[in-house]
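This report concerns the pairing of charged side chains. The sequence and structure are shown below.

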Amino acid sequence: MITIPYLTALTTYFSYGLLFVFGQLRDFFRKIIDCWSRSSLQGYAPICLGLEDFYVRRLYLRIQDCFNRPISSPPDAWIDVVERVSKDNNKTLQRTKNISRCLNIGSYNYLGFAAADEYCTSRVIESMKRFSPSTCSTRVDGGTTILHTELEQRVASFVGKSAAVVFGMGYATNSAVLPALIGKGGLIISDSLNHNSIVNGARGTGATVRVFQNNTPSHLEKVLREQIADGQPRTHRPWKKIIVLVEGIYSMEGEICKLPEIVAICKKYKAYVYLDEAHSIGAIGKTGRGVCELLGVDTADVDVMMGTFTKSFGSCGGYIAGSEELIQYLKYTCPAHLYATSVSPPAAQQIISSIKVILGEDGSNRGAQKLARIRENSNFFRSELKKMGFEVLGGNDSPVMPIMLYNPSKIPAFSRECLKRNVSFASQMSFVGFISE
């Protein structure tokens with residue numbers, strides 16, 4: 001990670017502090033004005049007031065034109081961005097008929113499959129004609145088609161596991177599966193910068209949650225050793241189960257997980273490894289099989305492999321891959337499998353077709369070319385940004401490139417200037433690299 005200069009940190013904190021103070025002052029005068037106006041909800045507590053929506057009202061709305069920009073085209077290398085105007089100081093935005101053709105470096109359509117593809121698109125259209133856009137059912141009722149069965153088999157084979165189960169939403173894969181895997185009396189040790197879906201999933205388990213410093217195996221070992229020695233709170237009994245949660249590529253830092261060292265530590269202390277490959281599967285590794293292939297880690301050493309289809313495969317949903325015993329257990333217990341609508345058949349066909357292209361089963365080498373291109377473009381783009389003086393996080397081969405702007409006033413200014421120059425990127429100020437084309 002980059003060491004932030006003292007002056008930069010000081011001015012950044014001062015800027016946020018100033019925004020907070022002015023926001024509080026505006027809230028104070030708002031309360032005075034509201035005292036003179038009658039509310040239609042006499043006796044009710046305000047549903048949104050105070051710190052609950054302070055960020056939205058006093059910070060976000062000032063720069064909301066930099067977020068949620070609507071597009072009117074597929075998320076290809078170039079996209080059509082719909083221009084918006086505001087007549088009330090950014091409180092509301094109205095779309096215009098003007099379109100800006102922008103370079104897309106804010107999408108995670110890493111391999112370009114979300115746009116029209118010569119192999120995938122026709123097969124997706126045929127699947128929609130045959131199966132309809134939705135199954136309108138859960139997997140355990142009428143929501144399992146032959147496409148779902150084939151998809152699970154292909155995913156398991158692709159990641160090197162004996163079985164897999166797919167879900168209709170990537171976020172829900174983490175947040176719904178983790179409570180099914182571990183509960184009270186268990187211990188979760190989570191990376192400090194894990195995705196929000198992992199954080200919410202861990203909170204919902206009822207297990208004890210401890211955090212280790214981002215991608216720091218030495219600190220993970222220290223936390224493991226201390227927690228195993230102490231045991232469960234109050235009773236000090238041994239933990240029923242220990243799971244370590246990490247990501248293949250950290251989505252906001254672009255950093256590749258130090259998986260070999262983490263796996264070795266988990267083996268030493270008999271802890272399970274849960275690997276989230278949302279941003280790494282299909283994007284890194286010689287054949288796109290993710291961080292395990294890139295770093296030479298045997299997939300047998302990773303107990304639970306999670307990933308999503310929303311990045312490299314140009315579709316939607318997520319998966320869990322593991323042993324047949326684990327997958328069968330999740331099919332019986334996970335609410336995302338039991339109660340949620342299954343993956344749309346056209347979306348399932350899109351994933352199947354994109355995997356075939358990546359593996360060269362379409363009769364071409366386009367998959368290998370896409371993987372080589374995103375790797376070369378990512379490394380070239382990162383090196384050129386650094387030459388220009390930008391502070392860029394992440395390691396080589398990672399398609400996620402966060403650029404550090406620090407000061408909050410730079411965020412809207414940088415975003416608006418980029419849009420003027422027909423460049424569109426992620427509003428979190430992270431360059432998430434759709435640069436495969």
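Which residue does the side chain of Lys-268 meet in a salt bridge? In this predicted model, the partner is Glu-221, at 2.8 Å from N to O. The bridge links distant parts of the chain, since Lys-268 belongs to helix α8 (residues 259–268) and Glu-221 to helix α7 (residues 217–230), 47 residues apart. Lys-268 is exposed, because its relative accessible area is 53%, and exposed means over 50%. Glu-221 counts as buried because its relative accessibility is 19%, and the limit for buried is under 20%.

A search of the whole structure finds 18 salt bridges. Among them are the following pairs.

| Salt bridge | N to O distance |
|---|---|
| Asp-27 and Arg-57 | 2.6 Å |
| Arg-139 and Glu-152 | 2.9 Å |
| Lys-268 and Glu-221 | 2.8 Å |

In the salt bridge between Asp-27 and Arg-57, the partners come from distant parts of the chain: Asp-27 lies in helix α1 (residues 6–35) and Arg-57 in helix α2 (residues 54–58), 30 residues apart. Both Asp-27 and Arg-57 are buried.

The salt bridge of Arg-139 with Glu-152 also links distant parts of the chain, with Arg-139 in the loop between α3 (120–131) and α4 (146–159), and Glu-152 in helix α4, 13 residues apart. Arg-139 is buried because its relative accessible area is 9%, and Glu-152 is buried because its relative accessibility is 8%.

Shared partners also occur: salt bridges join Asp-27, Asp-53, Arg-57 and Arg-58 into one network.

Definitions and conventions: Residues numbered from 1 in each chain as written. Predicted model: local features only at pLDDT ≥ 70, side-chain atom pairs only at ≥ 80, totals over all residues. Heavy atoms only, no water. Salt bridge = Lys/Arg side-chain N within 4 Å of Asp/Glu carboxyl O. Helix = DSSP H or I, 4+ residues; strand = E, 2+ residues; numbered from the N terminus. Buried < 20%, exposed > 50% of the residue type's maximum accessible area, 1.4 Å probe, protein only.
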